[in-house]
Amino acid sequence: MFERILVPVDGSLRAELILSQVGRILKREDSEILLLRVVDVPLAIGRLDLASLRREEFGRAQNYVHDLALRFSEKAAKVHGRVAEGPAAQVILDTARTEGSTLIAMSTHGGSGLARWLMGSVAEKVVRSSEVPVLLVRSFRSRPGGDLQPATAEEIPFRKILVPTDGSPASMAVVATAGKFAQLYDSEVVVLHVETPPIVAGTEMGVLPPPIPTPSQEDPVTAPALDRFRQAGLRATALTTLGDPAGEIVDQSYAAGIDLIAMATHGRSGLSRWVLGSVAERVLRHAGTPLLLVRGEPARKRDRKTVGKVTTALGT
């Protein structure tokens, strides 16, 4: 399932943090890694010719990717590097399609972690439009008290994976990918269903008792996903709570010691419609754990071809 992993890098150490997180995949899967560095320098700005700057930047990018591929080849025999020119998000998406990538793995950027990075133009477009699963790992971690500190390069043990479901067929699209991660990392899976509290029209009926969620073991919404995880031999439990879906997903990720939130995107346009809604947008902005996002519809098959105006392939 993860035999072709695309890892976009931008020359920063923060972007390279994701390489540590694919280590377990490489140990268990015969995976091929494609390191992609995108250079986007215009030909000119007004009358100012930038051809020389473009050549210099492209040369630096080639050297960087070549050195990174050599360093990472100690973990993966099948590691390649590529430098491409063009708009970063579009080149990443096109490369994933034409190279037949089965996973895009990216680190987050920005002082506020995922919130600032996700809403930036590059990551926003990649996450919203990707036809393959996307693994996002924050380059900052929360400390006690809410402060942030730069993340370190050690591998994150995905011991517990939270899989929210709303009972729709689209929400089940994440099960196979989340299950594969659980197998690779020997993870426990928690299937979460957040019920919306009933709305009371008025107070003329007097004081009503507080609503109680469906008992977790009796919830028919979580049952299909729970059965599939257990049939695969995974340790899986169900959890049904009551409240605001986005808030509950984030709260439970902290309360239950979750290491990875695996969510399915909704809508024909992938995450684009869903992320602009309250649930996904708030989870993406406030979740302090890595995220695995899976499109809620089958990805289209496309032929592989060269991407970008100019590309160079580097291998070890």
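A polar contact is a pair of N or O atoms within 3.5 Å; within protein, one of the two must be able to donate a hydrogen and the other to accept it. The views below are taken from a predicted model.

**Figure 1. The polar contact between E99 and R82.** The side chains of E99 and R82 meet in a polar contact of 3.2 Å, which lies within the limit of 3.5 Å. E99 is placed in the loop between helix α5 and strand β6 (103–107). Although it belongs to a loop, E99 has a relative accessibility of 9% and therefore counts as buried, the limit being 20%.

Figure 2. Helix α5 spans residues 88–98, and because 8 of its 11 residues are buried, the helix is largely enclosed by the rest of the structure. The buried set consists of A89, V91, I92, L93, T95, A96, R97 and T98. G100 follows the helix and has a positive phi, near 65°.

**Figure 3. Strand β5 beside strand β2.** Strand β5 (residues 79–85) is mostly covered, with 6 of its 7 residues buried. Strand β2 (residues 32–39) runs parallel to β5, and 7 bridges join the two. Within this pairing, L34 stands opposite H80 of β5.

Figure 4. Helix α8 (residues 175–185) is mostly covered, and 9 of its 11 residues are buried. These are V175, T177, A178, G179, K180, F181, A182, L184 and Y185. D186 comes just after the helix and is found in the loop between α8 and strand β11 (188–195). Its phi is near 55°, a positive value in a residue other than glycine. Most residues other than glycine have a negative phi. In contrast to the buried residues of α8, D186 is exposed, because its relative accessible area of 57% is over the limit of 50%.

**Figure 5. Aromatic rings around F181.** The structure holds 4 aromatic pairs. One of them joins F158 and F181 in a tilted arrangement, with 6.2 Å from centre to centre and 45° between the planes. F158 lies in the loop between strands β9 (148–150) and β10 (160–164), whereas F181 lies in helix α8, so the pair ties together parts that are 23 residues apart in sequence. Both F158 and F181 are buried. F181 also pairs with Y185, and here the rings are stacked, at 5.9 Å centre to centre and 15° between the planes. F181 and Y185 both belong to helix α8, where they are 4 residues apart, about one turn of the helix. The relative accessible area of F181 is 0%, and that of Y185 is 5%, so Y185 likewise counts as buried. Ring pairs link F2, F158, F181 and Y185 into a cluster.

**Figure 6. The largest nonpolar core and the surroundings of F229.** The largest nonpolar core has 50 residues, and those with the most contacts inside it are V7, L135, F181 and F229. Helix α4 (residues 51–72) gives the most to this core, with 7 residues. Apart from it lies another core, of 32 residues, among them L6, I104, I261 and L284. In soluble globular proteins, nonpolar side chains tend to be buried together. Leaving aside residues up to four places away in sequence, F229 touches V163, V175, A178, G179, V189, V191, L234 and A236.

**Figure 7. The chain as a whole, for orientation.** The secondary structure of the chain comes to 12 helices and 15 strands. Of its 316 residues, 52% are buried. Among contacts between residues at least 6 apart in sequence, 79% join residues at least 24 apart. The accessible surface of the chain comes to about 15200 Å², and 53% of this surface belongs to carbon and sulfur atoms.

Methods:
Residues numbered from 1 in each chain as written. Predicted model: local features only at pLDDT ≥ 70, side-chain atom pairs only at ≥ 80, totals over all residues. Heavy atoms only, no water. Buried < 20%, exposed > 50% of the residue type's maximum accessible area, 1.4 Å probe, protein only. Core = buried A, V, L, I, M, F, W, Y, C linked by side-chain atoms within 4.5 Å. Contact = heavy atoms within 4.5 Å. Phe/Tyr/Trp six-rings, centres within 6.5 Å; stacked < 30°, edge-to-face > 60°. Areas by Shrake-Rupley, 256 points an atom, 1.4 Å probe, with all protein chains shown as cover. Pairing = 2+ DSSP bridges.
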